[in-house]
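Let's take a walk through this structure together. Have a look at it first, and then we'll go through some of its residues and metal sites.

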Amino acid sequence: MTHAVTLAHYLARIERQHGCAPLPLQQLLMQVAGACQAIAAQVDAGALAGVLGAAGSENVQGEEQKKLDLIANETFIAHCHWGGQLAAMASEEMETPYPIPAQYPRGDHLLLFDPLDGSSNIDVNVSIGTIFSLLKMPDGRSSVSATEEDFLQPGRRQLAAGYCIYGPQTTLVLTLGHGVSVFTLDRPQGAFILTRDQLRIPRQTAEFAINMSNARHWAAPVRRYIDECLAGSQGPRGKDFNMRWIASMVADVHRILCRGGIFMYPWDQREPERPGKLRLMYEASPMAWLVEQAGGAATNGNQPILDIVPAQLHERVSVILGSRDEVTRVTGYHAQDASPR
Ligand code: AHG
Ligand code: MN
Ligand code: MN
């Protein structure tokens, strides 16, 4: 008889096979999964639990906070701050890192998260999610005095990254640097069960995801790429493309991990000083690692997202990720472009 592989089982197994998930990291990931499960229950209850609607506040980035943004943030803190694995945590919804309270033991890990991704979709019952990234404190730094600078590490240094999508199924997608695995929440059992292993993104695709309403603001290389897709079988690509835009990065990236595609949230000229909309440390970097681990590519147009050394916790970045051949093509258009972006 074959037994279902739970997340806990999987983590123990990947540690045996690759040595990439020592016990504190396993414990931390189980806490993260517990937080996601608790958020899933709130999402599921929706109006019945009074969690829909605006919170009446703004985050550090000037974006309106939804009740569920704050509930998810608090849920993450409550599940992860007591266990002794963390030096600090940081999130989209907190201006500065959250230090572990003095009454709890500390460890040398750093947790970054986007508690609720796709906030504009909460109230209309469309898939939303949580994105997370785990780092180690830099060498020589004490876990009792973690600062914002300790978080400013390139995505290549992530120990684990993933997301949980609250959609028709609640699904946790995870990498520890040895491929991408998918776990489906078995609610009666209260456990995430391994349902797909070693996801691979097809190299080629005929599906793109971008917010087309911004087309007039894009830089020339992005415009060229999308114009060529739109020209379809009559154009230089010689094939028809399909478009999807869910406006929840988790959902768009999940589709790409499952069946291929290219996702772009590029720089645009409305705010020339802002590199993009999405945040590097808790949106782009974890997704970039998942995509690379599944055989895809992720770039800001000029360099791999995972190589970018952040200068600020809430730094933004232009994001182009997904099927390798398409991302390579867009990168090539950027390299050929003479304008500064
Ligand atoms: P968040 O809800 O965490 O602020 O992130 C929303 C992001 C991302 O999930 C999505 O791809 C993008 O914003 C959608 O932006 P538009 O509404 O501009 O399409
Ligand atoms: Mn987000
Ligand atoms: Mn968010």
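A residue counts as buried when its relative accessible area is under 20%, and as exposed when that area is over 50%. Keep in mind that what you're looking at is a predicted model.

Let's start with valine 180. Is it buried or exposed? Its relative accessible area is 0%, which is under the 20% cut-off, so valine 180 is buried. You'll find valine 180 in strand E9, which covers residues 180–186. Leaving aside residues up to four places away in sequence, valine 180 touches Val173, Leu174 and Thr175, then Asp197, Gln198 and Leu199, and also Leu290, Gln293 and Ala294. Glycine 83, on the other hand, is 97 residues away from valine 180 in sequence, and the two C-alpha atoms are 26 Å apart in space.

Now hop over to lysine 66. Here the relative accessible area is 14%, and because that is still under 20%, lysine 66 is buried too. Lysine 66 sits in strand E2, made up of residues 64–66. What does lysine 66 touch, if we again skip residues up to four places away in sequence? The list is Gly53, Ala54, Ala55, Ser119, Ile122 and Asp123.

Next come the metals. Which protein atoms hold the manganese ion (ligand 2)? The protein donors are Asp114 (OD), Asp117 (OD) and Glu283 (OE), and they lie 1.8 to 2.1 Å from the ion. Follow the chain and you can read the spacing of these donors as D-x2-D-x165-E. As for aspartate 114 and aspartate 117, both are buried.

There's another manganese ion to look at, ligand 3. Glu92 (OE), Asp114 (OD) and Leu116 (O) coordinate the manganese ion (ligand 3) at 2.2 to 2.3 Å. Along the chain, the donors of ligand 3 are spaced as E-x21-D-x1-L. Glutamate 92 and aspartate 114 are both buried.

Definitions and conventions
Residues are numbered from 1 along each chain as its sequence is written. Chains are lettered from A and ligands numbered from 1 in the order in which they are written. This is a predicted model: local features need pLDDT of at least 70, side-chain atom pairs count only at pLDDT 80 or more; totals for chains, interfaces and linings use all residues. Side-chain values use heavy atoms; hydrogens and water are left out. Helices (H or I, at least four residues) and strands (E, at least two) are DSSP runs, numbered from the N terminus. Buried means under 20% relative accessible area, exposed over 50%, partly exposed in between (1.4 Å probe, protein chains only). Contact means heavy atoms within 4.5 Å. Donors are N, O and S atoms within 2.8 Å of the metal (3.2 Å for Na, K and Ca); water is not among the atoms, so sites may look incomplete.
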